[in-house]
Amino acid sequence: MESRVKCAVCAVVMCLVLRAGNGMEHKFRYYTDNSGLSSNTIQCLYQDDKGYVWVGTADGLDRFNSYDFTNYRSDYRRRNTLENNCIYSLCGEGFPNGDRIWVGTSDGVYIFDSKDESFVHLPILGSDGRERRNLLVYSLAADVAGNMWIGTLGDGLYRYSLKSGTFEHYNAAKYPEAFSSDVIVKIVLDHDNNIWVASGGGSLLSRYNPENNRFSTFRVEDTLTREPISRISTMCQDSFGDIWIAGYACELYKFELSRLTFTCNRPEDGEAYGRVRSMIEYTPGIIMLGTDHGLVNFNTKNRSFEHVDNGTTNRNGRLNDKFIHSILKDRDGGVWIGTYFGGINYLSPLSSLFTLIEAGEGCGHIISKFCEDPEGNIWIGSDDGGLSLYNPRTGSYTPVAVDPRDRALNIHALTIDGGWLWVGTYGDGLYRIDLRTRQMKHFTQAGTGLDNLDVYSVFRDSRGQLWIGTKMGICRYDDVSQTITCAFGLGHNSDVVDICEDARGHLWFASLGKGLIRYGFDDGRFALCSHDSGGGLSDFVSCLAVEGDNLWIGTHGCGLCRYDIAADTLSREFDMLPYGNCAVFQIVQNGGELWLTTNRGLLKYSPGNGPQSIYKFTSDDGLLANIFNANSGIKSSTGHIYIGCNNGINKFYPYDFTRRENSAKLSVVFPDFKLFNRSVPVDGRLLSNTIDCQRSVRLRGRKMSFSLDFIALNFSSPLRTVYRYRLENFDDKWITTGLDEGAGVQHVSYTNLPPNRCRRGGWLAPWSWPTACWLCWPWRAAACGCAAGLAARTASRSPRSPARTSSTCSKPRSASSRRWPTKYVRPSR
């Protein structure tokens, strides 16, 4: 039985942080029966040529398109379905085409044909020509010579020739020198197209020699110490060409093919890890092991094991089950972990790019402010734990006492000023700390002239004047008298939270309540660039950044704005994009791009790049939160960006994302084709193949109506892909969909289509048939990362035609620029 179960990906349980052995931090996303899986017992995983992820469970076969699961199970009422639901192994045929997937079950092999989504049972014949029944097929592999290799639990190994349709049977009785038993635990095709076979119950590893139809055998034991493996459990090959063989006691043997030597790597307490059931190369130099006691990483350089997660917490984002039976690394770098009781634990390739900095003992967790000193140390202010100092070189994170009388200051401003550190607080005024002696001077309203005890910003301008933003206005600090005077009173609830200076002699102040304020050095006047004066700017300005003649303005409710200082014009950057009304909390500049912390995640914005200008990252990608704290972000001298939220700090290197975006490409697939709102069956009349594999469709009639479903296989950010599509010879322009970030599978409908020869993409000669409409494949439906967590340069793929990529993202209509009226106000005296 085949069914579609909608998976509310946005509601998928998200996890906290898992520290892996290579120093990365990871977040898991869970897929269970509640998400649409046939069963929570996952026995194998596979990704096909189109990009679908296939899941073999104890109660059915599932195909995942990043949004929902299609379930394939036995159904006596239908022909050409599975007859056994217990799936142990999956493999693409590869020869003569990749449209067929071999499915190993507890009762033989079934072959799935994606052209018509049918299953055919393959009778396995022994040497006597009789069919073998009740064979548990535990491992499958395809070689380049057109053979399928079938490993069973109890009946040895079979080789099936796709050309001749014949079987060859290999077992321990016939080949005792090659197999320890008839239990075949793993078959691997290496980089040189050799077939390697591992049999259970012993230590024999065999390589098939096609020249004589025999096997070369290697005993898995350390070349120097002669220490043998306990029993072979599984194996894999790494990117350097070495084969790694795991045993039941979590021992790991490295087999160097160039020298034919074995090296034993054994953890101190193998019983704590248990049997290794699956393994992959996570990254070059890191072998990831799935065991009966959780996830283990092995570092090949220092030959060390690290227990990443024992799977017993089962909450708060840790592994939700300790029994790991399968691991898959997909083509985008995502890792799929199949467990015995907990379904799938998915690890996004983006999650390892964000590093969590855990607060030290006695330090605050609600991060409000950063600054960097000349030695490269990061000073951190918090709402709940005062001041802390983080050393990026050593990783030390320690509390620093500003005021011995109050160690839990609520800090909202930090500025390095030569040898001084200025600390602005909520309710406790302003502090100045000598970085060398750590001596402190406290500025309050009594005797210093500070107009308010709530200090939100401190800034030293190019002329040497120190400015202080408070809850009620703007103040100046006199270095000689060490006193503070009010320069511009704004009244209650004015919160001056940011200050910056442009190259034309202006200071800019961001106020949560009075909007944007400008001060001119030449005339000494303050100007209110307010919402009321018709400038189109919110009264709630939260952050500022200067880039040449551009002043970038983060607001609450109007998104990001740009003020052209030379032209005196203001424009809203996101008016034509999905983030026009978001709240921007901090702007961090990195070359020609801006990193924005918002109430809708972290945005990477490349001005002037159209819909492809924004990439969005959320907690799905490894961030601690989707909403960040005001003005809590900084780029350090090493190029790393730190951002703060209510439960810690994320650190990342922005160029890592650029490299990933340049390498990321998504496949677009087509789940369904409807004619007059009814799915078209694959019965040979209209469709001879599924719509994904069909080359053309001929629709008869003078006025046609059809609809097509499509989706990009974007597993890391499934709900944040924006598409542009066009039916050439019919649509005049590209049509955008997916901007709402809420839909998975996209639907496009055409009604009253006249007779024509149309094409999903490139132009074909029109009017080729007077009473029929021809739809020719492929459609260049492109998914662009306008709102996605990665750049998605995509084209649909067809098995019979190469993937094509189009430049699909046009530049949005520019926001209406307007002259900026200002209201000048005399400064306070």
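**Notes on the pockets and cores**

1. Lining the largest pocket are 46 residues, with Leu45, Leu90, Lys186, Ile327 and Leu328 nearest its centre. A pocket here is an open set of points on a 1 Å grid over the protein atoms alone, where a 1.4 Å probe fits and protein lies on both sides within 12 Å along at least five of seven lines; lining residues have an atom within 4 Å of a point. Please keep in mind that this is a predicted model, in which local features need pLDDT of at least 70, side-chain atom pairs count only at pLDDT 80 or more, and totals for chains, interfaces and linings use all residues. Residues are numbered from 1 along each chain as its sequence is written, and side-chain values use heavy atoms, leaving out hydrogens and water.

2. The volume of this largest pocket is about 1500 Å³, taken as the space filled by probe spheres set on the points, which are joined across faces, edges and corners. Several strands (DSSP runs of E, at least two residues, numbered from the N terminus) supply at least two lining residues each, including strand 5 (42-47), strand 9 (87-92) and strand 19 (184-189). By type, the lining has 24 nonpolar, 14 polar and eight charged residues. Nonpolar covers Ala, Val, Leu, Ile, Met, Phe, Trp, Tyr, Cys and Pro; charged covers Asp, Glu, Lys and Arg; the others, Gly among them, are polar.

3. Next comes the second largest pocket, with a volume of about 680 Å³. Its lining has 27 residues, and Lys369, Asp498, Ile499, Gln586 and Gly633 lie nearest the centre. Strand 47 gives the most to this lining, five residues. The lining divides into 15 nonpolar, six polar and six charged residues.

4. Which residues touch the most other members of the largest nonpolar core? They are Trp54, Leu61, Leu90, Trp336 and Phe673, in a core of 53 residues. Strand 66 (residues 704-712) contributes the largest share, six residues. A nonpolar core is a set of buried Ala, Val, Leu, Ile, Met, Phe, Trp, Tyr and Cys residues joined through side-chain atoms within 4.5 Å, and buried means under 20% relative accessible area (1.4 Å probe, protein chains only). Another core, of 20 residues, lies apart and includes Ala583, Trp595, Phe617 and Phe652.

5. Leu90 deserves a look of its own. Beyond its neighbours within four places in sequence, Leu90 is in contact (heavy atoms within 4.5 Å) with residues including Trp54, Leu61, Trp102 and Leu140.

6. On cysteines, the count of disulfides (pairs of cysteine sulfur atoms within 2.5 Å) is zero. Cys363 counts as buried because its relative accessibility is 7%, and Cys500 is buried at 10%.

Methods:
Helix = DSSP H or I, 4+ residues; strand = E, 2+ residues; numbered from the N terminus. Buried < 20%, exposed > 50% of the residue type's maximum accessible area, 1.4 Å probe, protein only.
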